[in-house]
Amino acid sequence: MKNDNFDKAKLIKTSDYSMHKLSKTKPIEFFEVNPLNALENLCSEYNFSPEDRKKEIMTVLATSAQQPLQTHVTNDDMERVIQTISRQEADFAFQVCMNAYRDKNGMNKIEVNLKNIESYEYDNWTE
């Protein structure tokens, strides 16, 4: 994309921090801790819709989400479970990112809505 302010290195750094923090946050503490605050701040600075770079952003988020989960992976089944969980966390984080962008640009936020877990097992999960 020409003339947008996308910085992949900054996204990777922010994503690594945010997704690690998300993995350590209990659901009941989510709003108090706000583990995705740094990601929200980054997304609200974008001069383009994150939807325009969804596949790239989702790949970075999923990779970052996968890192804290892979400490003791011992078999292929566990690897698939980790990929599914990291994709679900990436989808959640992307929706939070989109809402930060929408809020900053005066658009209505959308309700964050996760699909059923099987939706994250397919190769086209970013579509």
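This is a predicted model: local features need pLDDT of at least 70, side-chain atom pairs count only at pLDDT 80 or more; totals for chains, interfaces and linings use all residues.
Residues are numbered from 1 along each chain as its sequence is written, and side-chain values use heavy atoms, with hydrogens and water left out.

**The disulfide**

- The structure holds 1 disulfide, a term that here means a pair of cysteine sulfur atoms within 2.5 Å.
- Its partners are Cys-43 and Cys-97, with sulfur atoms 1.9 Å apart.
- This pair links distant parts of the chain, 54 residues apart: Cys-43 sits in helix H3 (residues 37-45) and Cys-97 in helix H5 (residues 76-104). Helices are DSSP runs (H or I, at least four residues), numbered from the N terminus.
- The torsion about the S-S bond of Cys-43 and Cys-97 is about -100°, so the disulfide is left-handed.
- Cys-43 and Cys-97 are both buried. Buried means under 20% relative accessible area, exposed over 50%, and partly exposed in between (1.4 Å probe, protein chains only).

**Helix H1**

- The expected span is 1.5 Å times one less than the number of residues.
- Leu-11, Thr-14, Ser-15, Ser-18, Met-19 and Leu-22 are the buried residues of H1. They cover an arc of only 125° around the axis, which puts them on the same side of H1; the arc is that of the directions from the helix axis to the C-beta atoms.
- Ala-9, Lys-13 and Lys-24 are exposed on the other side of H1.
- Helix H2 (30-33), H3, helix H4 (54-66) and H5 are among what covers the buried residues of H1.

**Helix H4**

- H4 has 13 residues and reaches 18 Å from its first C-alpha to its last, close to the 18 Å expected.
- Its buried residues include Ile-57, Met-58, Val-60 and Leu-61, and the buried residues of H4 pack against H1, H3 and H5.

**The nonpolar core**

- The largest nonpolar core has 26 residues, and Leu-11, Met-19, Leu-36, Leu-39, Tyr-46, Ile-57 and Leu-61 have the most contacts inside it. Such a core is a set of buried Ala, Val, Leu, Ile, Met, Phe, Trp, Tyr and Cys residues joined through side-chain atoms within 4.5 Å.
- H1, H3, H4 and H5 each give two or more residues to this core, and H5 provides the largest share, 9 residues.
- Leaving aside neighbours within four places in sequence, Leu-61 is in contact (heavy atoms within 4.5 Å) with Ser-15, Met-19, Leu-39, Ala-90, Ala-93 and Phe-94.
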